[in-house]
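This report is meant for someone looking at this structure for the first time.

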Amino acid sequence: MAPYEPEQDTSEAGEPRVGRRKAARYAVPVAVAGVAAATIGLVPALATSGDPDLPKVTAQELVEKIAASDTQRLSGNVKISTDLGLPSMGGMAGGLAGGGGAGRDGEGEGSAADPKAKLMELASGTHTLRVAADGPDKQKVSVLGDASEYSLIHDGDELWAYDSASNEAYHAKAPEDAKDRGPKESDVPKGAAEDLPATPKEFAEQALKAVDDTTSVKVDGTAQVAGRDAYRLVIKPKQSGSTIGQITVAVDAKTGTPLKFTLTPASGGAAVIDAGFTKVDFGKPSADTFDFAPPKGAKVTEAEEHAGDGRDAEDRNKGGKEFKEEDLNDLKVIGEGWNAIAELKLPGGKGLPTAGSGDVPPDAQKLLDSLGDQVSGEFGSGTVFSTRLVNALVTDDGTVYAGAVTKDALVKAANAAH
């Protein structure tokens with residue numbers, strides 16, 4: 001984290017099947033934007049009950065208090081609401097996430113409990129999570145539905161995921177370094193909802209990574225969240241061109257634990273992502289909280305056996321080309337701070353397929369056109385896919401520019417690169 005000078009002012013407040021399969025290729029930039037937004041920040045304006053009278057602190061002191069917080073035991077409920085402004089993608093999200101559920105159309109068995117697809121659901125809508133932690137070896141996150149529950153449990157070197165709606169379970173061994181660094185959802189097999197935050201603390205840690213001399217950091221009064229007294233830390237970009245308006249973190253006055261995290265867009269309106277505790281207890285959770293055994297009759301999928309299902313040799317959605325991490329080796333970052341833009345090449349070095357090339361059904365082309373805006377410049381031409389937070393420009397020569405910046409900033413970056 002680069003050094004910064006915190007301000008001390010505390011006064012500032014349904015397609016045919018083949019069409020859908022091919023369309024998944026075009027929608028990747030939109031899905032990436034949704035996931036990226038989820039890792040940047042979040043929180044709703046959860047109800048508060050008055051502003052407590054707390055000792056004055058500076059922004060520097062509050063940031064240090066968060067960094068020094070070592071809360072390892074807690075339990076409670078977290079409410080997460082996400083409004084990225086994405087069009088409804090129906091059942092396509094699971095396929096984009098690469099989850100096992102995507103293979104349940106007959107091209108692979110998959111697993112309804114695979115975290116790769118399930119945790120992606122947190123990138124849209126409103127969800128209630130029940131969380132519990134007892135040190136670095138025991139954590140549990142449950143996504144509560146109207147008549148079902150999806151749970152992700154880490155107990156020692158065991159990782160389980162269970163979907164009560166389908167009575168399916170997913171089992172994996174935790175990475176050897178999980179005990180040293182503390183587990184995350186990314187401790188599920190590689191590619192499974194990596195780095196997807198599930199608590200206000202995880203969102204706050206992501207936001208504080210962006211704090212440098214391009215950032216304004218201030219303390220903006222106090223609040224009460226989930227019955228706890230808290231300070232409000234406000235983080236704002238100093239640069240123009242960012243789609244991020246501000247991030248507000250409610251920090252527990254006693255423990256330094258972030259209780260609430262709110263990200264609002266520069267365009268105004270409701271928060272893009274809202275996440276905060278509605279109930280929290282810093283006591284030791286009951287030991288049986290982390291016990292799990294697959295219920296009778298449950299289908300159990302082992303991670304190692306499932307790793308290659310439908311994707312080991314060829315990815316049919318990519319015309320027989322397997323997508324690997326090495327395809328991102330050309331990733332570059334343009335600019336700095338809040339205006340940073342990622343530049344990378346699409347596999348194959350080509351832009352989005354079109355109906356004119358015969359690669360896309362006409363109806364699928366209409367869907368693609370409705371999702372993006374056509375732009376042009378010195379770089380040539382391309383399509384901008386937009387959310388309320390993250391935008392992505394895909395040029396016709398197969399270059400992608402993406403970031404939490406405006407459409408004009410993406411076009412400017414593309415022009416400068418040519």
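Is Asp252 buried or exposed? In this predicted model, Asp252 is buried, with a relative accessible area of 1%. Asp252 forms a salt bridge with Arg228, in which the closest N and O atoms are 2.8 Å apart. Because Asp252 lies in strand E9 (residues 244-252) and Arg228 in strand E8, the pair ties together parts that are 24 residues apart in sequence. Arg228, for its part, is partly exposed, with a relative accessible area of 21%.

**Salt bridges**

Side chains of opposite charge can pair when their charged atoms come close. The structure holds 8 salt bridges, among them the pairs set out in the table below.

| Pair | Closest N to O | Relative accessible area |
|---|---|---|
| Lys284 and Asp134 | 2.6 Å | Lys284 54%, Asp134 13% |
| Asp252 and Arg228 | 2.8 Å | Asp252 1%, Arg228 21% |

Lys284 and Asp134 form a salt bridge with their closest N and O atoms 2.6 Å apart. Lys284 lies in the loop between strand E11 (273-281) and strand E12 (299-302), while Asp134 belongs to strand E2 (residues 125-134), so this pair ties together parts that are 150 residues apart in sequence. Lys284 is exposed, whereas Asp134 is buried. These two residues are also linked with Arg73 in a network of salt bridges.

Ser69 is found in the loop between helix H3 (59-68) and strand E1 (73-82). Although it sits in a loop, Ser69 is buried, with a relative accessible area of 9%, which falls under the 20% cut-off for that class. Which residues does Ser69 touch, not counting those up to four places away in sequence? They are Lys201, Thr255, Gly256 and Thr257, and the side chain of Ser69 reaches the backbone oxygen of Thr255 at 3.2 Å.

**A sheet and the helix packed on it**

Strands of a sheet pair through backbone hydrogen bonds, either parallel or antiparallel. In this structure, 6 strands form an open sheet in the order E13-E14-E18-E17-E16-E15, and the pairing is antiparallel. Strand E13 (332-334) and E15 stand at the edges, each with a single partner strand, so one side of each is left without a neighbour in the sheet. From one strand to the next, the twist averages 25°.

Within this sheet, strand E14 (residues 341-345) and strand E18 (residues 399-403) pair in the antiparallel sense over 4 bridges, and Ala342 stands opposite Ala402 in E18. Helix H10 (residues 407-416) packs on the sheet, where it touches E13, E14, E15, E16, strand E17 (391-395) and E18, and the direction of the helix makes about 40° with that of E17.

Strand E15 (residues 372-377) and strand E16 (residues 380-386) pair in the antiparallel sense over 6 bridges. A hairpin joins E15 to E16 through 2 residues, and Ser376 stands opposite Ser381 in E16.

Methods
Residues are numbered from 1 along each chain as its sequence is written. This is a predicted model: local features need pLDDT of at least 70, side-chain atom pairs count only at pLDDT 80 or more; totals for chains, interfaces and linings use all residues. Side-chain values use heavy atoms; hydrogens and water are left out. Buried means under 20% relative accessible area, exposed over 50%, partly exposed in between (1.4 Å probe, protein chains only). A polar contact is a pair of N or O atoms within 3.5 Å; within protein, one must be able to donate a hydrogen and the other to accept it, and residues adjacent in sequence count only if both atoms are side-chain atoms. Contact means heavy atoms within 4.5 Å. A salt bridge is a side-chain nitrogen of Lys or Arg within 4 Å of a carboxyl oxygen of Asp or Glu. Two strands pair if DSSP finds at least two bridges between them. Axes are lines fitted to C-alpha atoms, for helices over the stretch in contact, and angles run from 0 to 180 degrees between N-to-C directions.
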